Amino acid sequence: MIIKSRSEPRELTLMRYLKTRKDLSANDENYFSTLEKGFKGEQMCDVWLGNLSDSWLIINDLCLERNNTVFQIDTLLVSHDIIHLIEVKNYEGDFYIEDEKWYSTSKSEIKNPLLQLKRSESLFRQILKDLGFTSQLEAHVIFINPEFHLYQAPLNLPIIFPAQLNRFKNKLNLKSPKLKDKHIRFAEQLVSCHLTESPYTRLSSYSYDLLEKGMPCAICTAFITELTGGLMVCNNCSCKEGVSSAVKRCVDEFQILFPDRKITTNVIQDWCKIIQSQKTIRRVLQKNFKSVGVGRSRYYV
């Protein structure tokens, strides 16, 4: 049973929109790539857990706070007598450990993922104690990418390697006792503590005036230059999309990039650029949003 599903992080969505409408710096490009690869790894983990037995509750993407310290948990698996805290890593390539430090085979040092795991485990144990929940807790780093390999790894590390994933899941599926209402209540308590906005998000600076205006293709993100018979036609990949759908998609993008700006017909027409008819813009806004005010002061929420 999935108590909390996973959704794309707002920061990743925002960075993807910015990448379409401006040139990202090298640092921002690397950061975007890291966010995207991490999310893909978490999605791979979700697929791997897709046929887990109903003896488990699954809680994804928890952002919690304890002692003024915010920490994130990729996946929690809750059964009648044990909780598995899972940190997912989508590393690819060959790595090794030397003096408790982690390196790629190109000699570049990387963050030790076990330090992050240990920190999250310690803070989560305190939350369990606060909630009066006494189940056993085990924490693991799961390396989900089959192209990952770690040399010189001690045997006692709390790591699940790609070749061990199926055996680990088979072990989970051996759990047979049914969950009780108290486990569901506990899971719901945890979800209620979830912080919707992490204080550690790192956003690239941007302004409306410096972003390219237009309507990116829903498939390849190239800007659409052709409007034919009520369809937006992409000259790059030949994708076709209804005008109403494309405008609604661009409004959703505008809301994420500029949550404090009012949505008006004029603003969205400027944002979409290619739509010459205000009537078309207004029709989409009236259909999908609530109108506030009248005349020139009208906006949509």
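## Thr20 and its surroundings

Thr20 touches Pro216, Thr221 and Phe223, leaving aside residues up to four places away in sequence. Contact here means heavy atoms within 4.5 Å. Thr20 lies in helix 1, which covers residues 10–21. Helices (H or I, at least four residues) and strands (E, at least two) are DSSP runs, numbered from the N terminus.

The side chain of Thr20 also reaches the backbone oxygen of Arg16, at 3.2 Å. A polar contact is a pair of N or O atoms within 3.5 Å; within protein, one must be able to donate a hydrogen and the other to accept it, and residues adjacent in sequence count only if both atoms are side-chain atoms. Is Thr20 buried or exposed? Thr20 is buried, because its relative accessible area is 18%. The cut-offs are under 20% for buried and over 50% for exposed, with partly exposed in between (1.4 Å probe, protein chains only).

## The model and its numbering

This is a predicted model: local features need pLDDT of at least 70, side-chain atom pairs count only at pLDDT 80 or more, and totals for chains, interfaces and linings use all residues. Residues are numbered from 1 along each chain as its sequence is written, and side-chain values use heavy atoms, with hydrogens and water left out.

## The chain as a whole

The chain has eight helices and 15 strands. Its C-alpha atoms fill a box of roughly 65 × 50 × 35 Å, taken along the principal axes. Of its 301 residues, 43% count as buried. Take the contacts between residues at least 6 apart in sequence: 61% of them join residues at least 24 apart.

The chain exposes about 16800 Å², and carbon and sulfur atoms supply 49% of that area. Accessible areas come from the Shrake-Rupley method with a 1.4 Å probe; for residues, only the protein chains shown count as cover. The chain carries 41 positive and 35 negative charges, and their mean positions are 7 Å apart. Lys and Arg count as positive, Asp and Glu as negative; His and the chain ends are not counted. Each charge is placed at NZ of Lys, CZ of Arg, CG of Asp or CD of Glu.

Four strands form an open sheet in the order 7-6-5-9, with mixed pairing. Strand 7 (109–110) and strand 9 are the edge strands: each pairs on one side only. Two strands pair if DSSP finds at least two bridges between them.

How does strand 5 pair with strand 9, parallel or antiparallel? Strand 5 (residues 93–98) and strand 9 (residues 148–151) pair in the parallel sense, over four bridges. With strand 6 (residues 101–104), strand 5 pairs in the antiparallel sense, also over four bridges. Tyr96 stands opposite Tyr151 in strand 9 and opposite Tyr103 in strand 6. Ile97 stands opposite Trp102 in strand 6.

## Turns with positive phi

Most residues other than glycine have a negative phi. Strand 5 and strand 6 form a hairpin with two residues between them, and Asp99 in the turn has a positive phi of about 55 degrees. Glu100 sits in the loop between strand 5 and strand 6. Its phi is positive too, about 65 degrees, although Glu100 is not a glycine. Glu100 is exposed, because its relative accessible area is 68%.

Where is Lys273? Lys273 is in the loop between helix 7 (265–272) and helix 8 (278–288). Phi of Lys273 is near 70 degrees, a positive value in a residue other than glycine. With a relative accessible area of 54%, Lys273 is exposed.
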